[in-house]
Amino acid sequence: MRLTELARGASAIVDHVADIHAADAVAGRLRDLGFVNGEPVRIVAAAPWGGDPILVQIGSTRFALRRAEADRVRLRAGEAQ
């Protein structure tokens, strides 16, 4: 499942961040921000009509991500505790 498919208010666990190419700066930055294997993530809010941005909470920090960025974050099938 991708982060963009997670419902508002729902929680999940990050599996990995997908790289588009070998030196993908966006994917690297997402990992630097904490989107790494095993981290709980939650969708806090989203722009209306499927627009940008999506407000995501990882740990105690919140980030506003574009849908194109959030689409790179892959989640595990299970739900966060």
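Two strands pair if DSSP finds at least two bridges between them. With that in mind, welcome to this predicted model, in which five strands form an open sheet in the order β4-β3-β2-β1-β5, with antiparallel pairing. The edge strands are β4 and β5 (73-75), each of which pairs on one side only. On average, neighbouring strands of this sheet are turned by 45° against each other, direction ignored; the axes behind such angles are lines fitted to C-alpha atoms, for helices over the stretch in contact, and angles run from 0 to 180 degrees between N-to-C directions. Strands (E, at least two residues) and helices (H or I, at least four residues) are DSSP runs, numbered from the N terminus.

**How to read the numbers**

- Residues are numbered from 1 along each chain as its sequence is written, and side-chain values use heavy atoms, with hydrogens and water left out.
- As this is a predicted model, local features need pLDDT of at least 70 and side-chain atom pairs count only at pLDDT 80 or more, while totals for chains, interfaces and linings use all residues.

- Strand β1 (residues 11-17) runs antiparallel to strand β2 (residues 40-46), and three bridges join them.
- Within that pairing, Val41 in β2 is the residue opposite Ala12.
- β1 is also joined to β5 by three bridges, again in an antiparallel arrangement.
- Here Val14 has Leu75 in β5 as its bridge partner.

- Five bridges hold the antiparallel pairing of strand β3 (residues 54-58) with β4.
- Thr61 belongs to strand β4, which covers residues 61-65.
- Thr61 counts as partly exposed because its relative accessibility is 38%; the scale calls a residue buried under 20% relative accessible area, exposed over 50%, and partly exposed in between (1.4 Å probe, protein chains only).
- Between the C-alpha atoms of Thr61 and Pro48, which are 13 residues apart along the chain, the separation is 22 Å.

**Helix α1 and its ends**

- Asp24 caps the N-terminal end of helix α1 (residues 25-32), where one of its side-chain oxygens lies 3.2 Å from the backbone nitrogen of Val26.
- Asp24 is buried, since its relative accessible area is 7%.
- After α1 comes Gly34, with a positive phi near 120°.

**Helix α2 and Glu69**

- Glu69 sits in helix α2, made up of residues 67-70.
- With 19% relative accessibility, Glu69 counts as buried.
- The side chains of Glu69 and Arg66 are joined by a polar contact of 2.9 Å; such a contact is a pair of N or O atoms within 3.5 Å, where within protein one must be able to donate a hydrogen and the other to accept it, and residues adjacent in sequence count only if both atoms are side-chain atoms.
- Leaving aside residues up to four places away in sequence, Glu69 touches Val26 and Leu30, where contact means heavy atoms within 4.5 Å.

**Salt bridges**

- Side chains of opposite charge can pair when their charged atoms come close.
- Searching the whole structure gives four salt bridges, each defined as a side-chain nitrogen of Lys or Arg within 4 Å of a carboxyl oxygen of Asp or Glu.
- One of them brings together the side chains of Asp71 and Arg2, at 2.8 Å from N to O.
- This pair links distant parts of the chain, 69 residues apart: Asp71 is in the loop between α2 and β5, and Arg2 is in the segment before β1.
- Asp71 is partly exposed at 25% relative accessibility, and Arg2 is partly exposed at 31%.
- Another salt bridge joins Asp19 and Arg31, whose closest N and O atoms are 3.0 Å apart.
- Asp19 lies in the loop between β1 and α1 and Arg31 lies in helix α1, so this pair ties together parts that are 12 residues apart in sequence.
- Asp19 has a relative accessible area of 40% and is partly exposed, while Arg31, at 31%, is partly exposed.
- Arg72 and Asp24 also meet through their side chains in a salt bridge (2.5 Å, N to O).
- Arg72 is buried, as its relative accessible area is 17%.
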